[in-house]
Amino acid sequence: MFINIQGGISKICLHSKRYPTTCSVQILTSSNSLSNMLKPILHQIGAKRVVLASGSPRRQELIQNLGISNVQLCPSTFEENLDPSLYSFSDYVAMTALGKVREVYERLSKDDATKADVVIGADTMVTMDGQMYGKPKTPEHAFEVLQKLVGRTHTVYTGVVIKYHEKEVKFTESCKVHFGKATDAQIQAYVDTGEPLDKAGGYGIQGLGGNFVERIEGDYFTVVGLPMYRLSVELCKLFDYHVE
């Protein structure tokens with residue numbers, strides 16, 4: 001079965017919905033299709049110094065697929081210690097992304113040689129039953145989290161901030177993810193790959209973790225960690241090109 005996501009930008013090929021270990025997920029991404037969204041402003045943003053407030057090559061590649069080939073990585077030193085009780089899930093990831101972006105922008109602005117024009121940051125969180133699940137710190141923790149997620153539906157929130165000099169845009173996208181059933185042995189086999197340790201909720205939908213996913217409701221790229229369509233729309237707006 002093929003599922004089109006975002007108007008043909010990507011396709012997911014699910015060979016089995018019932019058995020996660022036999023399900024293979026193939027992501028087909030067209031760089032030309034993605035970059036077309038920003039084509040009207042590429043002559044402007046291509047002349048800017050664009051920085052991603054992250055150390056994630058995965059997010060860097062997604063932004064490069066938009067046509068911004070010169071985006072640079074700069075991991076933020078922002079201490080991600082906001083009190084979850086003070087925020088909704090949506091606001092929590094957006095405010096964390098804001099902290100990352102402002103820290104990187106201010107640090108790079110101290111030297112004209114490193115000063116950025118545009119800084120983009122994102123934060124992703126998995127939530128279920130009122131609980132937030134970030135990146136597990138140990139394989140044992142990853143196993144516990146995945147045990148809770150299998151056979152159930154959770155929501156992934158990704159908050160994004162774009163800072164273009166003094167202008168700031170902040171937004172959050174969410175996506176419901178339905179996990180199929182899996183045995184403890186299947187979960188442990190995935191944990192043993194090491195992939196869960198640097199992924200919110202202990203899995204990467206674009207990697208081996210996609211084998212647990214039965215279906216999603218929303219933007220696939222929100223689960224990956226950077227909602228591409230919304231990012232494209234907001235970047236266009238910042239450069240005075242409005243998508244009606």
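**Terms and their grounds**

Reply: Tyr 229, Tyr 241 and Val 243 make a nonpolar surface patch of about 270 Å². The model is predicted: local features need pLDDT of at least 70 and side-chain atom pairs pLDDT 80 or more, while totals for chains, interfaces and linings use all residues. Residues are numbered from 1 along each chain as its sequence is written, and side-chain values use heavy atoms, without hydrogens and water.

Me: Why is Tyr 229 called partly exposed?

Reply: Buried means under 20% relative accessible area and exposed over 50%, with partly exposed in between (1.4 Å probe, protein chains only). Tyr 229 has 42% relative accessibility, so it counts as partly exposed.

Me: Why is strand E5 described as largely enclosed by the rest of the structure?

Reply: Eleven of the eleven residues of E5 (residues 118-128) are buried, and therefore the strand is largely enclosed. Both faces are covered, with buried residues including Val 118 and Ile 120 on one side and Val 119 and Gly 121 on the other.

Me: What makes E5 and strand E7 a pair?

Reply: Two strands pair if DSSP finds at least two bridges between them. Ten bridges join E5 to E7 (residues 153-164), and the two run antiparallel. Val 119 stands opposite Lys 163 in E7.

Me: In which sense do E5 and strand E3 pair?

Reply: E3 (residues 50-52) and E5 pair in the parallel sense over three bridges. Leu 52 has Ile 120 in E5 as its bridge partner.

How values were computed
Patches are made of residues with over 30% relative accessible area and no salt bridge: like charges are joined within 9 Å, nonpolar side chains (Val, Leu, Ile, Met, Phe, Trp, Tyr) within 5 Å. Accessible areas come from the Shrake-Rupley method with a 1.4 Å probe; for residues, only the protein chains shown count as cover. A salt bridge is a side-chain nitrogen of Lys or Arg within 4 Å of a carboxyl oxygen of Asp or Glu. Helices (H or I, at least four residues) and strands (E, at least two) are DSSP runs, numbered from the N terminus.
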